Each structure stands twice: as structure tokens, then as C-alpha cells.
Amino acid sequence: MQKHHTFKLKPLAAATGAALMVGFGAGAVRAADNLPDLGSSGGQPWRVDTFYENDTHYRDDTGLSKFRNTVQIEADKDLGGNSTFSSIKFRSKLRGTYDGVYSMNSDKYGKDAGGPIRLENGRPGVDYGPNIGAPPGVPFLQGTAPVAHGSGPINYTNATGLLTGAYMAAGVPAGPAAGLAATNNFADAYPTNPNNGMIVLGKYLHNTNGGVAFGVPQAPCDYDKRGCIKDYMDANSHELASPEFNDRLDFIREAFFVAKMPAGEGRSWNFQLGKQQVVWGRTDLFRVLDVINPVDYSRNNIYDELQDIRIPMWIFTAEYRMGATNTFDDTNIQLVWNFDKFRPNNLGQGGTPNQILGAGDFFRGMKNLWDNGGTVANFAGADPTGGIATNFGAHQIGIRKAHMPEWSLENTQVGIKWEGVYQGTGFSLNALTYRSQLPSLRNLYSKGVTNVNPFTSGGPFVLAPGQTTATYPYNIAFDIYFPRINLVGGSMDMQLDSIKSSLRVETALTKGEEFANTAKPELYSESKVWRYVIGLDRPTFIPFLNENRAFLLSAQLFGQHLLDHEEHRGPWGKYGMPDWEHNHIGTFLIKGWYMNDRVSPQIIMARDFQAHSYVVAPSVEWLYSDNLKLTFGANVKGGDGARSWNDARDGNPFPPYSGAQGGRNPMEQGMVGLTGYEPLGRFRAGPIGMANKEDEVSITVRYKF
Amino acid sequence: MKKTVFKLSILAAAVLSAGLAAAATPDEIIDNSFYPYKKGFPSHAFVKPGVVINKSNVDQAKDVLDPAMYQVIKNGDYEITVGATTSFDLHKNYVDQTRAGLGKVKLGEKNGEIVGYVAGRAFPEEPDLKDPRAGEKLAWNYKYGINWGDSAMISPFYWKYRKVETGKIETVNKFGFHFLNYKHRVVIPPVPDITPNPSNLFRGIYMKVYEPLDIKDTQLLIHRYDDDLKQDDANLYLGFQRRVRRLATGQVTDSFLGSDLMIEDFEGYNGRVSDMKWTFKGTGTILMAYYNHNDQKQLSTEFKEKDGYQYVEFGGKGGCYPLVTWQLRQVYILESTPTDPNHPISKRIQYMDKQAATLSRTLIYDRKGELWKNFIIGKSHPDHHLPVNKGSGISIDDAFSMVDQQSKHCTTGQFRGEVSKEASPPSMFTVQHMRGAN
């Protein structure tokens with residue numbers, strides 16, 4: 001979950017519905033004429049630009065995936081100066097959107113989304129009884145065709161039979177004779193989690209293929225509250241369609257003052273205060289140093305311009321500009337204080353069209369499992385061929401809650417940057433302490449939080465005297481946290497005249513990031529991470545395509561290295577941290593211009609080398625006039641798509657019942673390497689691989705009033 | 001006919017330079033270089049103030065037109081109204097600095113090397129056709145020319161992209177351009193240099209886009225080093241990315257924001273001396289767009305300014321040509337050939353105004369050697385422009401036209417230029433300024 005990389009591809013797009021918003025836009029322009037003077041008696045008049053945009057995307061297997069209408073007003077005013085500040089300026093951007101996809105394609109992304117589901121129940125004909133210590137031939141431990149949600153053979157009734165000892169292997173204490181209640185906490189039915197309005201986790205990307213799967217509610221949270229995570233992923237249909245109109249006032253994209261205070265000898269202080277984006281770094285597409293603002297992947301996954309998806313925060317910056325010194329051509333120091341209440345990246349909610357790494361569906365399904373229980377495919381007695389679908393009850397597995405950091409001084413985020421130019425080479429040194437914008441899943445055991453043991457009504461196999469509940473190492477029950485991260489890094493750029501290119505380098509080392517790790521009883525661990533991007537830009541004439549205008553060729557290589565990576569090999573496969581220890585993503589852009597830059601075709605390609613995934617995104621921008629721009633595009637992925645990783649079915653959190661796989665001692669805990677696409681394969685597949693089936697064509701119309 | 005003009009010019013240059021060489025006192029050199037009209041203005045049997053040169057009579061003016069402009073008029077694309085030749089006296093300090101440096105400045109061994117230069121015109125002596133490096137000396141005169149002076153601003157600066165055949169205006173860009181000389185300053189304090197200047201920068205150009213929305217807030221910063229062998233640094237801030245991108249060398253020889261200009265075309269030539277092989281081809285007297293802005297009969301009413309300033313109007317075919325008066329000017333004819341074999345052009349033929357050392361007429365040839373672009377820069381006398389420019393001794397860039405003869409497309413520029421210290425402080429010419437939401 002901690003992959004901090006992203007890359008943008010220009011919004012793909014083009015041509016409908018402009019008339020819908022023309023009236024609103026024109027009204028906005030008129031209103032701008034009457035904007036307040038902000039206390040300035042001098043300065044310049046307001047400068048206001050307003051545009052309307054329709055962005056329509058059509059996806060291969062789900063049809064319409066975006067019909068987003070945007071009105072954006074950019075209003076700036078120079079307020080002049082006073083005795084303290086030589087200049088004061090106000091900058092603002094207001095944005096409102098309405099995405100019609102939730103009503104126009106409601107059976108995929110709206111109130112009618114999802115339906116009844118069936119979940120894999122092992123491979124037909126395979127007897128999974130021995131894997132849990134039962135004798136061969138127990139009827140409900142035989143693999144069958146997929147079963148309906150709620151019909152997992154491991155349920156209250158059947159598990160009761162197991163726990164009475166009827167089927168347990170010799171030597172395994174069971175039933176009342178061993179002091180256990182002849183009961184359990186599996187479910188026979190789910191009155192609060194009916195089999196409708198759901199999809200099987202990962203449905204659009206892969207088959208379950210013997211791995212883990214469960215139902216994921218799809219409708220917005222005002223239609224279906226199942227799996228909605230309070231304060232994190234709980235948007236209703238209005239908030240999904242018009243995300244800016246929320247209690248964080250996101251329709252104010254930006255509103256900040258810029259004040260410049262002379263400090264003598266050509267030096268100055270530059271202050272910025274307000275809701276804003278603060279951008280660090282020198283590279284495109286990837287976020288190595290550019291991590292001050294969280295980003296909103298729900299707009300268009302990783303494919304929108306960062307400017308449009310950074311989530312502006314209330315930030316104060318103070319910058320001391322020293323100008324040229326005897327050593328540096330230019331140098332400055334910037335202090336950044338992000339004093340806003342914490343906000344995570346928006347990863348896209350379950351049931352919505354844009355979810356980076358498919359995280360939204362996974363989280364929603366897991367939250368639903370915790371709240372209501374649910375059937376999990378191929379779970380009990382699982383081996384590499386599958387397992388028996390299991391009806392977990394509530395509060396046994398899943399995601400319990402998200403711990404959203406409250407506002408406090410210690411929860412604010414502080415950074416400092418020293419930047420300059422030395423002998424023509426631009427450089428920066430950066431340091432930032434911030435909250436991870438990506439979630440970390442720490443299991444309840446790691447925090448001493450108890451959960452229900454599905455096999456007994458009271459606790460682990462053997463409870464201490466007086467103990468009624470317990471925590472369970474390796475159990476897949478989690479809370480979501482956003483840990484603090486400390487980052488140090490730097491960047492530089494320079495011209496390489498010999499190859500007529502410019503070079504950009506950006507790097508960062510972080511401490512505090514947390515990653516899934518099935519080798520740990522906590523199911524996560526911390527790792528220092530080193531990331532870098534090396535970029536080369538080269539304008540190049542390609543005469544047979546255009547004799548008079550060079551093409552921009554831009555190549556970048558992004559590297560990510562987990563310095564505390566952990567990986568082991570068990571009898572059935574690898575386990576540990578699913579994120580690659582060393583991975584690289586390469587991007588290549590070729591962009592051309594014709595008709596005096598009124599027509600600009602481009603192709604962006606990206607390849608995730610370890611994930612064996614790639615994306616090709618051709619697009620053509622057509623500037624019909626200064627006021628009207630059309631963009632046509634496509635986004636095609638290829639490669640392996642889904643990838644597998646140890647899925648933690650084999651941790652044996654509830655010994656002896658959950659861990660006799662492969663004939664091991666049923667009291668032994670820890671993974672043996674059972675793998676599947678879900679849930680951790682997403683970290684192997686990466687954001688490109690996880691969107692493998694989300695090929696799209698798009699058309700965007702932007703009209704400036 | 002072109003050859004004839006050249007032959008005449010070359011002959012004239014040879015005679016003139018021989019004469020000057022024989023009796024070149026410092027005063028004569030200075031007068032010849034900075035006050036070429038002291039002894040009288042050029043005259044012509046047909047080309048007189050008030051005459052309108054059009055396709056019906058252009059042949060009578062052929063000997064005072066460069067070949068490209070002759071053809072434009074011959075085609076009926078443009079008519080030139082002749083104005084009286086006037087003296088564009090440069091600032092006294094610049095002339096004084098030139099005088100102080102007389103005889104002390106030498107070319108180095110390599111193209112791009114100069115020795116002994118402090119300020120003013122580097123090589124005020126009359127160029128000699130027999131001098132194989134005469135063109136290079138003129139190039140230095142241009143590089144260290146007074147141009148926009150020590151600090152200046154063009155804002156607003158309107159660029160229009162037009163189709164020649166239909167006159168359709170495809171886009172209107174509104175820019176702000178700022179210029180700063182770090183070294184060899186002569187008028188605006190500090191002189192001669194801004195310090196500290198650890199990398200020994202010579203000049204900075206900063207540009208910002210205000211309109212249209214598509215490229216709004218795009219900014220460009222160019223740093224030119226005093227060491228001409230050192231490559232310029234160029235950085236581009238893209239508003240939609242909020243990121244500064246270092247430009248590779250090649251991007252200064254590519255279309256600038258879709259216009260018919262490349263960054264290298266700015267001001268006539270915006271590159272290093274060492275990027276070209278310079279050849280002095282002779283002298284001449286031709287019509288160039290030099291005029292008094294305030295005296296132009298037809299100024300544009302399109303863009304309103306609070307102080308009533310009006311921009312130059314454009315007309316002619318496609319609206320590609322400035323409707324200003326042209327006057328007879330003494331020029332040096334200069335040919336520049338790129339040293340980079342992959343450069344998109346094969347050569348420029350430029351007509352350098354002898355008095356101002358500016359490149360007001362440029363003919364650009366494509367890699368096949370065919371005429372590609374026709375570049376006009378209109379120059380206003382500073383005393384007949386905005387009040388702030390009065391007495392600045394700088395010929396004010398006031399209008400430009402770059403016509404792509406092959407694609408039938410043009411870019412026109414309408415300036416509001418001000419010689420100003422306050423509008424172009426050194427802090428503006430930094431990468432951080434571009435990032436700072438300014």
C-alpha cells in the first residue's frame with residue numbers, strides 16, 4: 001500500500017454536454033466582476049478565468065466510467081504593497097464537478113451496482129478435510145462448484161460438528177471433553193449482509209483461481225452502508241458525484257495570499273498562507289519529493305495531471321530568498337508548515353470506477369467482513385488448489401476501523417528545503433516530517449485489540465484463568481493507521497549539452513513507512529525506502545513526421561528500494577512483504593506539435609518491470625480556438641495484470657483449528673506460503689497491473705468563457 | 001538583382017572601409033559608428049517621405065529593399081509608406097564606454113572568445129570585407145549592443161498567430177517579457193555589473209504568459225553567460241504542471257509555444273556568438289521599419305491601456321505586416337550559418353542597423369537553402385514612444401512580424417516596452433521566482 005509512485009497521463013477526452021454548464025459558467029464570470037477588493041485600495045483589478053470541461057470515459061467491460069462536468073474559476077488579484085510588504089497577492093481556484101456516471105451507469109457504479117455473488121469452494125473433487133485434521137470423506141469438506149455468499153460449508157452448523165470432535169484427528173483436543181464449548185462463531189446466514197449488491201473481490205481483473213475472495217458491496221454509502229469506513233471511505237452518492245462539496249470545502253481548490261517583504265541587498269522574504277499546493281521536486285509523473293499535498297486518485301486513477309489531483313491543504317510557507325551569493329547563482333530556504341487537519345490520499349471508494357491498486361474494493365469488503373461477517377472463498381483447509389468457503393461471523397476478520405489523525409499541533413507536518421543554482425546546476429535538499437497519506441493495515445494483535453475467535457465462543461484454544469478474550473497473532477483483522485514518516489531527499493537538474501538533453505534527478509529516503517508483511521505476527525512491518533527518478537528530456541527532430549517542429553522525447557526511470565525488505569520461502573511459496581524489494585518503472589513520452597501547436601499528439605508509455613505490466617496512452621489535443629480544446633485519448637494496458645502473493649490464510653491464528661495445512665503441527669503458527677491474487681497480490685501487480693482490465697477511450701471538451 | 005545590390009554594397013563597403021582605415025581617428029570611428037547620419041541622411045530618387053511603395057511601383061525601390069521584402073510588396077501582400085530617416089542616437093554613456101574601450105578589444109582565438117571588453121560597442125570600427133572575422137565582430141556588437149538597455153520590460157506583449165491566406169487569427173497570447181543585463185551595464189545603477197554574480201552571467205530574459213488559459217502561467221527564464229562558449233541555461237515553468245523544467249539546448253531552436261519564432265529568434269538573434277559562423281557580406285542602405293511610434297497615423301484600438309497607449313496596427317495580407325512607416329537606414333549585411341549541422345535552419349541573412357547595431361530585418365532559410373521565414377522588427381525612436389522611454393537612447397522594439405513563407409502562417413507581436421529598473425529586478429530572474437506564484 002505504500003507505493004508512492006504515480007504518473008500522469010494527460011486527461012484523455014472530448015465532446016459532449018458543454019451546454020449543460022454554460023449558464024453556470026457565464027454566471028460565474030459575471031459574479032467575478034463584483035468580487036471584493038480584499039482591502040486593497042491600489043493594486044490591479046481581479047483577473048478571472050472560468051472554464052467548463054466535460055470528461056467522458058468509456059471502459060472496455062463496464063461501459064461508461066466517467067461523465068464528469070467541471071466548472072473551474074480562477075480568480076487572482078494583486079493587492080499592491082504597503083510599508084511592510086512590497087507586494088501582496090491573492091490567488092484562488094474554485095472547482096465544482098458533477099460526475100454523471102453514478103446515475104448514467106448506475107448498475108455498475110451507482111445505486112444498482114453489484115448483485116448476488118458466488119464464491120469458490122475449492123476445486124471440485126478435492127478433499128480438504130485432512131488439511132484441518134478431519135478424516136477423509138467428510139461431505140462438506142469436499143471441493144465443489146462455487147457457492148453463494150452465505151452458503152459456505154464451514155458455517156455454524158458444520159463447525160459445531162467438527163468441534164464436538166466427531167471429525168477431529170486423534171491427538172487434537174476438541175469438544176467439551178477438552179474444555180471447549182461445543183459451539184463456535186461461524187455463521188449460517190447473514191441477515192445484515194445479504195447476498196445482493198456485491199461483486200466478488202477482484203472480479204474485473206481476475207478469477208479467484210483457488211485464492212481468497214469475498215463479497216464487496218458496491219453501491220454508494222447512502223444506498224448501501226455495508227463496508228463503509230467512517231471518515232475514510234464512506235462517501236454517499238452526492239459526495240461521489242460532486243466530491244468538492246464536502247465539509248472540507250474542497251470546492252476551494254486554492255485560496256492563498258502571497259506576500260513579499262524586502263530584506264535588503266536584493267534579499268527578500270516570501271510568505272504564502274492559505275489553502276494551496278506546495279510542489280517539491282523536478283520530475284514528472286512520480287511523487288518522490290512531491291508529497292506535501294495528498295492526491296486524489298479517485299478522479300482518474302494515476303492518469304490525471306498532478307495539479308488537478310493534489311488535494312490542497314491549509315499551508316504556510318516562509319521562504320528566504322537570498323538571490324545570488326559569492327558561491328551560488330541563486331539560493332533560498334523554504335519552511336513549509338502544513339497546519340491543516342490530516343487528509344489521506346483518496347484511493348477511490350469500493351464500487352467506484354477509479355481505485356488505485358483496487359484498494360477501495362478490498363477495504364470495503366474487509367470492513368464488511370468485520371462488521372457483518374461474510375463468506376470467504378477457499379479458506380478452510382486451504383492448500384494450493386483452494387479450500388472450503390467459510391462463513392466468518394462478525395468481528396473475526398476484516399477491517400475494524402480507520403484511525404484518522406485528529407488535528408493537533410503534533411499532527412501537523414513540517415518541511416524545509418534549501419534550493420539553489422550552482423554553476424548552472426539547479427539543486428535542492430529537502431526534509432519533511434509528515435503523516436503517511438497511504439494507509440497502513442496493522443492487525444489487531446499488534447495493538448493488543450481482541451477479536452472474536454471463530455472456533456470457540458470465548459477465546460483461543462487455551463485461555464488463561466479468568467481470560468475471556470484474546471488477541472491473535474497472524475490474524476487478518478486490522479485497523480487502519482497513517483504512520484508518521486520522516487523524509488530526507490534532494491534533487492538536481494542540469495543541461496547535458498553533449499547529448500542535447502536535460503537531466504533531472506530526484507531522490508528521497510524515508511523512514512517510518514509501513515508495509516504488509518505476512519512473515520510478522522502483526523502482518524506489517526516498517527521499512528526504510530529509497531526512491532529516485534532519473535529523467536532525460538530531449539527535443540528531437542523526426543523529419544519524416546514533422547520537418548519543422550521537434551518532438552519532445554522524455555524518458556524517466558523510477559526506482560524504489562525497500563531497505564528492510566523481508567521475504568521467505570515456505571513449502572507452498574514465498575511469504576513476507578509483497579512489495580518488491582527492488583523495482584523500477586520506466587516511462588517514455590513522445591510528444592509532437594502540428595499546426596502551430598494547435599494539434600498535439602502524444603504517446604505515453606510506462607512499464608512496471610517487476611510487475612510485468614505496461615500501459616500505452618496515446619492522445620491528441622486539438623486546440624480549436626483559444627476558448628475550445630478537444631482531447632481524444634485511449635489508455636491501454638497489457639502484461640501480466642494480476643499477480644499472486646502469500647495471502648495469510650496459512651498463518652494459523654486460531655490453533656489448532658486453522659493451521660494443519662501441509663501436515664504441519666496444528667499448533668504451529670506462521671505462513672507456509674499459500675498464495676493467491678487477493679489480497680496482497682495487488683502490491684506485486686502495482687497500479688498499472690491492477691488496472692489491467694480498465695482499458696479506456698476518452699474524449700474531453702474544455703471551453704473557456 | 002539581388003546580386004547587383006550585393007555587388008554594389010560590397011564595392012561601397014570596400015571603398016568606405018579603405019577610406020576609414022586610412023584616417024580613422026577615435027572621433028571618426030565613433031561618429032561613423034554612432035552618428036552615421038551626421039553628415040546627411042540617405043536620399044533616393046524615388047523613395048522619399050510620404051511615398052507609398054506598392055506592387056505597381058516597387059521596382060523603383062528595388063535597390064533599397066532586401067530581396068524578401070521586395071517580393072512581398074511585388075506580390076501585393078504589403079505596402080510600405082516611407083518616412084523620413086531619423087537619427088536613433090544611443091545613450092551617451094554607451095557611446096562613452098565605447099570610446100573608452102577603443103582599440104582595447106580583441107577577438108580571441110576561437111569564435112566566441114573576446115578579450116579586453118568592458119562596456120559599450122565592442123568593435124565600432126567599420127567592418128572590412130577583407131577581414132575574415134568581420135562578421136564575428138559585428139555579432140559581438142549585437143551581443144553587447146544596447147538593445148533593451150540595462151533593465152527593461154515588455155508588458156503586455158501581444159502575439160497573434162495568423163493564417164496568411166485567410167487572415168484568421170488562431171490564437172492571441174498575452175505575455176510579459178523582462179530583460180536584465182548583469183554585466184556591462186552603462187546607465188541604470190549598478191554599473192557596470194550587478195554583484196555578486198558567481199557564474200558570471202551576462203544577461204537574463206524572463207517571460208510569463210498571461211493568456212490564453214491553455215498556457216497561462218507558463219514562464220521562461222534564460223540565462224546567458226558572459227563566457228560565450230558556455231551554453232545558455234533555460235528553464236521553463238509549466239503552469240499546468242507547477243514545475244520548472246530545465247530546457248535542453250535543442251528547445252531554443254524549436255517553435256516557441258507554437259509561434260513562428262523559436263527562442264533563438266528573439267530580438268533578431270537570441271543565441272551565442274559561438275553558435276554561428278558569421279560572415280560580413282557588405283554594407284547597404286535599405287528601408288527598415290524605423291519610426292516614431294506616436295506619429296503613426298494608424299494605431300490599434302484593440303487593446304485598451306489606462307494611459308491611452310495604443311499598439312501598432314497590423315495589416316497587409318493576412319494582417320501579418322506592421323502598419324508603420326519605413327525609413328532608409330544604413331545597414332551591414334550579415335550572414336550567419338549554424339555551427340550545429342542539425343540546426344533546423346541553414347542560414348540567416350540579417351540587416352544590422354549600422355547606428356543601433358540591431359537586427360531589424362532577418363531572412364531565414366531552411367535546411368534546403370530555401371527562404372523559410374521573413375522577420376521584421378519595428379523600432380520606435382524612444383523620444384516618440386511612452387514618456388518613460390524618452391531620453392533612454394534605446395531604439396524601442398515596438399512591433400514584429402514573422403512570416404512563414406512556406407506554410408503561409410505568421411506570428412505578429414505588439415509591444416508595450418518600457419525601459420525600467422523597477423519592473424525587472426534581479427530577483428525576478430531566478431528559478432524560484434517562477435515557482436513562487438508570482
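Predicted model: local features only at pLDDT ≥ 70, side-chain atom pairs only at ≥ 80, totals over all residues.
**Entry 1: chain A**

I started with the secondary structure of chain A, and it comes to 8 helices and 31 strands. Next I checked burial: of the 705 residues in chain A, 56% are buried. Then I looked at how far along the sequence the contacts reach. Taking contacts in chain A between residues at least 6 apart in sequence, I found that 69% join residues at least 24 apart.

**Entry 2: chain B**

Chain B has 6 helices and 20 strands. Buried residues account for 56% of its 438 residues. For contacts in chain B with a separation of 6 or more, 62% are between residues 24 or more positions apart.

I also wanted the overall dimensions. Along the principal axes, the C-alpha atoms of chain B fill a box of roughly 60 × 50 × 45 Å. The radius of gyration of chain B is 20 Å, which agrees with a compact globule, because one of 438 residues would have a value near 22 Å.

**Entry 3: where A meets B**

**Entry 4: a three-stranded sheet in chain A**

I picked out one open sheet of 3 strands in chain A, with the order β14-β18-β17 and mixed pairing. Why do β14 and β17 of chain A each have one side without a neighbour in the sheet? Both β14 (398–402) and β17 (440–443) stand at the edges with a single partner strand each, so one side of each is left without a neighbour there. The twist from one strand to the next averages 35 degrees.

I followed the β14 pairing in chain A down to residues. β14(A) and β18 (residues 477–481) of chain A run parallel and are joined by 4 bridges. Opposite A:Ile399 I found A:Phe478 in β18(A).

Last, I checked what lies across these strands. Helix α7 (residues 359–372) of chain A lies across β14 and β18 of chain A. Its direction is at about 95 degrees to β14(A).

Notes:
Residues numbered from 1 in each chain as written. Chains lettered and ligands numbered in written order. Helix = DSSP H or I, 4+ residues; strand = E, 2+ residues; numbered from the N terminus. Buried ≥ 20, exposed ≤ 12 C-beta atoms within 10 Å, placed from the backbone. Contact = placed C-beta atoms within 7 Å. Rg over C-alpha atoms; globule rule 2.2 N^0.38 Å. Pairing = 2+ DSSP bridges. Axes fitted to C-alpha atoms, helices over the stretch in contact; angles between N-to-C directions.
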